[in-house]
Amino acid sequence: MNRAGHIPFKHPEIRLNHYDKRRPEQYCSQATYLMRAGLQSRILLPSDSGYNACEKSYFSNTAKLKLACIIRPTFNSQVSTALRALVATNEKFAIRSGVYTLLIGLNNIHGGVTIDLSLLNSVRFDSASETHGRVVAGGREGETGVAGLLLREGNTWMTARNGFACDNVVAFEGVLADGLIVTANRNTHADLFRALKGGSNNFRIVVGFTMSTIRPPPLVFAQHCIAAGGNALGLEHNTSDGILLQRNTMLKTLDQKELTYPRVKACIRAVDEYTATIDGGLLEWLYLNYADEYQDVLRSYSAENVEFMRAVSRKCDPQ
Ligand SMILES: Cc1cc2nc3c(=O)[nH]c(=O)nc-3n(C[C@H](O)[C@H](O)[C@H](O)COP(=O)(O)OP(=O)(O)OC[C@H]3O[C@@H](n4cnc5c(N)ncnc54)[C@H](O)[C@@H]3O)c2cc1C
């Protein structure tokens, strides 16, 4: 473990930023090293207003720790400067990106410095390559952090077809312990390139990923339905795939239904209302086997298909 919390300011030679209202004794020793390296504007101390928001951003409440300070670089060169300063002073530090890891101590460090890379989030496209109708491998949940996913394997919706997300990385740009920024790919630093794919944070701080693009999954619903001669579901009108949401509760006694049933309905309604705010987000179709009695499944098949089924019914059962 690193030195804990707030250690009195020992470096009076460091000039405080003119706008910096913190008192010198509010700085921990780690922060003073980083300030001395010129990173004053990038440091967050527990007493700073932005610190709480940063702490709050952890996906898991159980993964939060009290840090000495957070450093939030906005340029790769600042990562390099920070790393050099921390290594030179033998300070322990942690690296965080999307903070989606649930385990404590992986993306933060009690009493130490956490390098928060979430501001290094720019995306560039290779103008020479085709950028329309292509995707990159990402987490199956939309907000999953990128760096942790790509450095720690990365299971995606397309893993069976395109390998793990890390296998779709063409090059890693990263900062080595001596502060040098180097690119690792198949031809340059090939061993590092290979080790980073699944090697997590053990080799360098990665500040950039170059990824190959892949074909998105086919429009399975609509295409299968049309190819198989059509069905009664009305899905042939959909131009994109959807997510099938099923909400269940397990009850010990029937009287518990009174309490849970309205909540389940409210939850489904909230999802519907939210997805309706997204362009093309709400798929009206309901799945018969998962639907509840209050849901009008046949209506969700479209008026045209309901009429079609009525016609078939009249034909089969004229009475
Ligand atoms: C709701 C949810 C859904 C998820 N879905 C998926 C999924 O579909 N597929 C899947 O594979 N995983 C999934 N995960 C797991 C998730 O991908 C991993 O926890 C991943 O590590 C998170 O990445 P992150 O950028 O948020 O990493 P962080 O939590 O910030 O860090 C994770 C680890 O990576 C290191 N690290 C982060 N950034 C860097 C960097 N730039 N350089 C060096 N080391 C770095 C950190 O030090 C830490 O050890 C999911 C997690 C949650 C909570």
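The side chain of S97 puts an N or O atom 2.7 Å from a nitrogen atom of the ligand, a polar contact (a pair of N or O atoms within 3.5 Å). Taken alone, the ligand exposes 960 Å², and the protein buries 88% of that; areas here are Shrake-Rupley values with a 1.4 Å probe. Keep in mind that this is a predicted model, where local features need pLDDT of at least 70 and side-chain atom pairs pLDDT 80 or more, while totals for chains, interfaces and linings use all residues. Numbering starts from 1 along each chain, and side-chain values use heavy atoms, with hydrogens and water left out.

**Around the ligand**
- L106 has a polar backbone atom 3.2 Å from a ligand oxygen.

**Helix α2**
- Helices (H or I, at least four residues) and strands (E, at least two) are DSSP runs, numbered from the N terminus.
- In α2 (residues 49-56), Y51, C54 and E55 are buried, meaning under 20% relative accessible area (1.4 Å probe, protein chains only).
- Those buried residues line one face of the helix, because they fall within an arc of 95 degrees seen down its axis, taken from the directions from the axis to the C-beta atoms.
- They pack against β1 (43-44), β2 (69-71), β3 (93-96) and β4 (113-116), with contact meaning heavy atoms within 4.5 Å.
- S49, A53 and K56 are exposed on the face turned away, where exposed means over 50%.

Key. A polar contact is a pair of N or O atoms within 3.5 Å; within protein, one must be able to donate a hydrogen and the other to accept it, and residues adjacent in sequence count only if both atoms are side-chain atoms.
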